[in-house]
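Subject: Structure handover and findings

Dear colleague,

Please find the structure below, together with its sequence.

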Amino acid sequence: MPDDPARADLVPLPLVHQRQPGTFALTANALIGADGDARQPAWLLHDVLAGAGIRPSVTTADDPAASLVLRADPAASDHPEGYRLTVSTDRVLAESATVPGLVRAVQTFRQLLPPWALRGAPVGAAAVVECCHIEDAPRFSWRGIHLDVARHFMPTSFVLKLIDLAALHRMNTVHLHLTDDQGWRVDVPSWPRLTEVSAWRAETVVPGGTDAFDGTPHGGFYTLDDLREIVAYAAQRAITVVPEIDLPGHVQSVLAAYPALGNTGRSPEVRRSWGISTSVLAPTDSSLGFARDVLDTVLNVFPGPWVHLGGDECPRDEWRASPEAVARAAALGLGSPDELQSWFLRQLHRYVTARGRRVVGWDEVIDDGGMPADTVVMAWRSAGKGQEALTAGHDVVMSPRERTYFDYYQSDDPGEPAANGWTVTLDDVAAWEPTTGLDPAAPGRLLGVQGQLWSEYMPTPDAVEYMAFPRLSALAEVAWTAADRRSPTELVRRLGTHLDRLDALDVNYRPLTGPLPGQRGGTGHRRRR
């Protein structure tokens with residue numbers, strides 16, 4: 001006998017979700033019907049169901065035996081990611097004008113399934129789904145999650161899992177922070193010491209605000225094949241991977257391997273503690289050549305339209321103290337050495353855009369001379385920085401730390417694992433309205449929103465999951481669902497059901513209420529600043 005249908009508490013909430021009488025029973029001999037471009041999301045649906053022990057075959061859309069049909073239909077939605085999904089007693093029909101739209105429909109259908117059907121183990125009963133009609137499209141075009149793999153290296157398998165979880169929430173961008181003072185994670189064949197030296201640190205500072213270190217070496221890097229696997233896996237789920245190579249600051253790991261690229265000639269260690277290093281690239285042709293070589297590798301591996309150049313937290317101390325840097329700034333006609341960051345990034349902007357890509361940077365790129373208007377700005381320091389960038393004509397992704405920094409504490413409970421600074425609760429995320437205080441008449445466009453997982457206090461995948469969820473689920477609703485459809489209170493109610501899906505997917509999330517359990521990823525003691 002089929003089991004009872006799961007309550008369809010979808011996250012994020014669709015534009016229209018009309019429940020209909022009856023149920024659809026998905027059995028092991030189901031057929032998926034699709035033609036042309038629709039076969040890509042059809043095979044994604046096949047893989048999703050196969051993970052639950054249901055192994056349907058893929059046939060043509062007009063096969064009368066097909067009970068799951070995906071169809072390209074320009075009339076389904078006027079939004080490039082919009083879709084219609086109709087579940088009747090004998091058939092499931094997903095329609096969209098685009099492949100990404102059909103992929104979003106597949107993920108919504110995935111949430112309609114009972115949670116056990118996400119568990120990845122064969123089952124004997126049919127999966128029963130409530131009949132319904134859904135019409136849906138996202139509010140924002142950039143719905144992202146950022147993962148810092150530089151401070152703590154994360155295995156490829158976990159990056160793939162996070163991509164899959166982002167897809168489940170109908171997000172479309174995964175931003176990988178690949179380089180920083182504490183580690184370099186990209187294989188660049190023409191600069192071999194980046195993986196021999198820069199990818200490894202001797203030990204790591206112990207959480208809790210002490211000066212103690214753990215005495216354990218840490219490191220790792222992604223081969224080019226690893227990165228190609230990540231990109232391909234994301235593409236199947238209509239997710240763009242945005243690579244970040246942080247320049248010209250956050251490069252102490254680079255200078256540990258190639259000190260001649262710096263301003264002092266000294267070779268620092270790969271940084272063992274957190275915070276901002278004063279080590280920055282010298283404003284020389286050699287440093288620009290290094291950056292271009294790295295970008296050549298990145299552009300060859302990541303086919304998406306965006307390349308993130310960082311541009312944040314770049315101290316000017318070494319430039320101000322370097323006669324060569326001061327002379328270079330004067331020769332370039334700059335007002336001071338402080339403007340060398342903007343000059344450096346503009347050279348790389350020219351290089352990236354000549355290859356048909358767009359540059360993304362943290363909001364410091366609008367300081368000290370700024371960047372060309374086609375640079376996408378991630379406003380992290382405040383919402384005001386988002387308005388400043390919009391006024392200057394930039395497209396903006398709102399990423400303010402007080403709402404989207406998931407390395408911050410989730411509550412004031414003393415049992416929380418060590419985290420970085422302030423508190424961002426689930427309610428803070430759910431209640432956030434990204435357009436508040438922004439001038440709709442500004443020439444720049446608000447592309448969307450992004451959550452940040454900085455990993456200083458997240459040494460393991462379990463720790464990342466605990467800090468990400470369920471806040472990431474709430475952010476997905478902020479990014480997808482129209483403002484007049486959103487209710488933070490109602491979202492928390494739906495999360496009660498949604499967490500059953502995360503359980504089935506073995507996600508180490510923080511519970512909504514009650515005492516904190518022993519977190520699999522929790523380390524250290526609470527520290528506030």
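Helices (H or I, at least four residues) and strands (E, at least two) are DSSP runs, numbered from the N terminus. This is a predicted model, in which local features need pLDDT of at least 70 and side-chain atom pairs count only at pLDDT 80 or more, while totals for chains, interfaces and linings use all residues. Residues are numbered from 1 along each chain as its sequence is written, and side-chain values use heavy atoms, with hydrogens and water left out.

Barrel and strand pairing

Two strands are taken to pair if DSSP finds at least two bridges between them. Eight strands close into a barrel with parallel pairing, in the order 8-9-14-15-16-17-18-19. From one strand to the next, the twist averages 30° (axes are lines fitted to C-alpha atoms, for helices over the stretch in contact, and angles run from 0 to 180 degrees between N-to-C directions).

Strand 4 (residues 68–72) pairs in the parallel sense with strand 2 (residues 31–33) over two bridges, where Gly-33 has Val-69 as its partner. Strand 4 also pairs in the parallel sense with strand 6 (residues 92–96), over five bridges; there, Ser-96 is the bridge partner of Ala-72.

Cavities

A cavity is a set of points, on a 1 Å grid over the protein atoms alone, where a 1.4 Å probe fits but cannot get out; lining residues have an atom within 4 Å of a point. Grid points are joined across faces, edges and corners, and a volume is the space filled by probe spheres set on the points. The whole structure holds three cavities of 30 Å³ or more.

The largest cavity has about 60 Å³ of space. Strand 4, strand 6 and helix 2 (99–112) are the elements that give two or more residues to its lining. The lining comprises 10 nonpolar residues, no polar and no charged (Ala, Val, Leu, Ile, Met, Phe, Trp, Tyr, Cys and Pro count as nonpolar, Asp, Glu, Lys and Arg as charged, and the others, Gly among them, as polar). The second largest cavity has about 40 Å³, and its lining divides into three nonpolar, three polar and four charged residues. Arg-316, Glu-364 and Asp-368 are among the residues that line the second largest cavity.

Individual residues

Pro-315 lies in the loop between strand 15 and helix 8 (317–321). Pro-315 counts as buried because its relative accessibility is 16% (buried means under 20% relative accessible area, exposed over 50%, partly exposed in between, with a 1.4 Å probe and protein chains only). Leaving aside residues up to four places away in sequence, Pro-315 touches Ile-276, Ser-277, Thr-278 and Val-280, contact meaning heavy atoms within 4.5 Å.

A cis peptide bond joins Leu-247 and Pro-248, with omega about -10°; Pro-248 is found in the loop between strand 14 (240–247) and helix 6 (252–257). His-250 has its place in the loop between strand 14 and helix 6. Although not a glycine, His-250 has a positive phi of about 55°, and it is buried, with a relative accessible area of 3%.

Yours sincerely

Key. On a 1 Å grid over the protein atoms alone, a cavity is a set of points where a 1.4 Å probe fits but cannot get out, and a pocket is an open set with protein on both sides within 12 Å along at least five of seven lines; lining residues have an atom within 4 Å of a point.
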